[in-house]
Amino acid sequence: MNDKLVDALNEQMNFEFYSAHVYLAMAAYCSGESLDGFANFFIVQAEEERFHAMKIYKFLNDRGKRALLTGLEAPKNEYSSMLEVFEAGYHHEQVNTQRFYNLSDLAWNDREHATIGFLKWFIDEQVEEEALFDGIIQKLKRIDKDSNAFYMMDTEFASRTFTPPANE
């Protein structure tokens, strides 16, 4: 792997850690609104992002390269509604998808086949992440001010958990 690709993978690893930070801030906002199920949704999301970061960390180490950690930017902490929180999460996932596309392009240009195969998992994961957020946004728009439906979503999200893939 050339230095440019290693640097880009390190940047992405740090972005994944930052993503966990973003989702924890969203969880804290939800907790502040007494929406513990929604808070749990974002806590689980943060766990997934840390898992993704560590997957890149391990890949770099397995390839004989060094993972380099950087500081994290402060995430947004205030929102006006749950819809705004999920729209921000959806936008964040779209940015992340583009970052993985750019990484893939770098790997393709270098004919770095091991990295190409490694990044495919993340691209598939991003399709799922974007679909998840988009689906929740559509539901939130439909229920609008229906407190019963909102309560049901909060209850549903309270049972969400993260289980790393079996082959990891």
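This is a predicted model: local features need pLDDT of at least 70, side-chain atom pairs count only at pLDDT 80 or more; totals for chains, interfaces and linings use all residues.

Q: Which helix is glutamate 93 found in?
A: Glutamate 93 is in helix H3. Helices here are DSSP runs of H or I with at least four residues, strands are runs of E with at least two, and both are numbered from the N terminus. Residues are numbered from 1 along each chain as its sequence is written, and side-chain values use heavy atoms, with hydrogens and water left out.

Q: Is glutamate 93 buried or exposed?
A: Buried, with a relative accessible area of 0%. The cut-offs are under 20% for buried, over 50% for exposed and partly exposed in between, with a 1.4 Å probe and protein chains only.

Q: What does glutamate 93 touch?
A: Leaving out residues up to four places away in sequence, glutamate 93 touches Tyr23, Gln45, Glu49, Gln126, Glu129, Glu130 and Phe133. A contact means heavy atoms within 4.5 Å.

Q: OK, zooming out. How many helices and strands are there?
A: The protein has 5 helices and 0 strands, so from the N terminus the elements run α-α-α-α-α.

Q: How compact is the protein for 168 residues?
A: As compact as a globular protein of that length, because its radius of gyration is 17 Å, close to the 15 Å from the globule rule. That radius is taken over C-alpha atoms, and the rule is 2.2 Å times the number of residues to the power 0.38. Along the principal axes, the C-alpha trace spans about 55 × 30 × 25 Å.

Q: And what share of the residues is buried?
A: Buried residues are 45% of the 168. The protein exposes about 9100 Å², with carbon and sulfur atoms supplying 52% of that. Those areas come from the Shrake-Rupley method with a 1.4 Å probe, and for residues only the protein chains shown count as cover.

Q: Which residues in the largest nonpolar core touch the most other members?
A: Phe38, Phe42, Met82, Phe86 and Leu140, out of 27 residues in that core. H1 (3-32), H2, H3, H4 and H5 (147-158) each supply at least two residues of this core, and H1 gives the most, with 9. Apart from it lies another core of 20 residues, including Leu9, Ala53, Ile56 and Ile116. A nonpolar core here is a set of buried Ala, Val, Leu, Ile, Met, Phe, Trp, Tyr and Cys residues joined through side-chain atoms within 4.5 Å. In general, nonpolar side chains in soluble globular proteins tend to be buried together.

Q: What about leucine 140, what does it touch?
A: Skipping residues up to four places away in sequence, leucine 140 touches Phe38, Met82, Leu83, Phe86, Phe150 and Met153.

Q: Switching to charges. How many salt bridges does the structure hold?
A: There are 4, counting a side-chain nitrogen of Lys or Arg within 4 Å of a carboxyl oxygen of Asp or Glu. One of them joins lysine 58 and aspartate 62 at 2.8 Å, N to O. Both of these residues lie in H2 (36-62), 4 residues apart, about one turn of the helix. Lysine 58 is partly exposed at 49%, while aspartate 62 counts as exposed at 54%.

Q: Which parts does the arginine 63 and glutamate 112 pair tie together?
A: Their side chains meet in a salt bridge at 2.6 Å, N to O. Arginine 63 is in the loop between H2 and H3 (82-109) and glutamate 112 in the loop between H3 and H4 (113-143), so the pair ties together parts 49 residues apart in sequence. Arginine 63 is partly exposed at 30%, whereas glutamate 112 is buried at 11%.

Q: Where do lysine 120 and aspartate 124 lie?
A: Both are in H4, 4 residues apart, about one turn of the helix.

Q: How far does H4 reach from its first C-alpha to its last?
A: H4 reaches 46 Å with 31 residues, close to the 45 Å expected at 1.5 Å a residue. The expected span is 1.5 Å times one less than the number of residues. Just after H4, aspartate 144 takes a positive phi of about 45°.
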